[in-house]
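Me: I am new to reading protein models. Please take a close look at one part of this one and walk me through it.

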Amino acid sequence: MQTLDATFSALADPTRRAILMHLAKKELTVMELTKPFQMSQPAISKHLKILEEAGLITTTRRGQERPRRLQTAPLKEAVDWMEKYRQIWEKRYQALDGLLEELQRIQPKGGKKK
């Protein structure tokens, strides 16, 4: 559950979500990630640290560069967790739909039930 908590905590920030969108396309260095944002390199680095601690990104080495790469396993875990609740709510909505249909059949057409 700690992994899930860290994932949702990291995803709570719009800048971190945007960073993940950029990393979904390709590996990027800190300097490359700084360009689309109006932030300093240290500010982006702080966001990257949080994403890395949550397991959402990893850092690789390519010569002098340290590109970041998206890790999808924590995202899949979050989606799987949400899917369980989506299924529960879907069943509840289907039950409500069935009840509404039954009530509409019982109520006489063009009038209110007395």
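Me: Which residues in α1 meet α5, and at what angle do the axes of the two helices cross?

Reply: One caution before the details. This is a predicted model.

Start with the two helices. Helix α1 covers residues 2-11, and helix α5 covers residues 73-106. Their axes come within 10 Å and cross at roughly 100°. An angle from 65 to 115 degrees counts as roughly perpendicular. So α1 and α5 are roughly perpendicular to each other.

Now the residues that touch. From α1 come Thr3, Leu4, Thr7, Phe8 and Leu11. From α5 come Pro74, Leu75, Glu77, Ala78, Trp81 and Met82. Sort the residues of this contact by class. Eight are nonpolar, two are polar and one is charged.

Look next at the rings. The count of aromatic pairs comes to three. One of them joins Phe8 and Trp81.

Phe8 has 30% relative accessibility, so Phe8 counts as partly exposed. Trp81 has 32%, so Trp81 is partly exposed too.

The ring of Tyr85 also belongs in this picture. Ring pairs link Phe8, Trp81 and Tyr85 into a cluster.

Move on to another ring pair in helix α5. Trp89 and Tyr93 form an aromatic pair. Their centres are 6.2 Å apart, with 40° between the planes, and the pair is tilted. Trp89 and Tyr93 are four residues apart in α5, which means about one helical turn separates them. Trp89 is partly exposed at 43% relative accessibility. Tyr93 is partly exposed at 48%. Trp89 has a further partner. The charged end of Arg92 sits over the ring of Trp89, 4.8 Å from its centre.

Helix α2 covers residues 14-25, and helix α4 covers residues 41-53. The axes of α2 and α4 are 10 Å apart, at an angle of about 80°. That makes α2 and α4 roughly perpendicular to each other. Thr15, Arg16, Ile19 and Leu20 in α2 meet Ile44, His47, Leu48, Ile50 and Leu51 in α4. By class, the contact of α2 with α4 holds six nonpolar, two polar and one charged residues.

Pick out His47 in α4. His47 has a relative accessible area of 12% and is buried. Set aside its neighbours within four places in sequence. His47 is then in contact with Asp13, Thr15, Arg16, Ile19 and Met39.

Finish with Glu53, also in helix α4. Glu53 is exposed, with a relative accessible area of 58%. The C-alpha atoms of Glu53 and Ala10 are 8.9 Å apart. Along the chain, Glu53 and Ala10 are 43 residues apart.

How values were computed:
Residues numbered from 1 in each chain as written. Predicted model: local features only at pLDDT ≥ 70, side-chain atom pairs only at ≥ 80, totals over all residues. Heavy atoms only, no water. Axes fitted to C-alpha atoms, helices over the stretch in contact; angles between N-to-C directions. Parallel < 35°, antiparallel > 145°, perpendicular 65-115°, else oblique. Contact = heavy atoms within 4.5 Å. Nonpolar A, V, L, I, M, F, W, Y, C, P; charged D, E, K, R; others polar. Phe/Tyr/Trp six-rings, centres within 6.5 Å; stacked < 30°, edge-to-face > 60°. Buried < 20%, exposed > 50% of the residue type's maximum accessible area, 1.4 Å probe, protein only. Lys NZ or Arg CZ within 6 Å of the ring centre and 35° of its normal.
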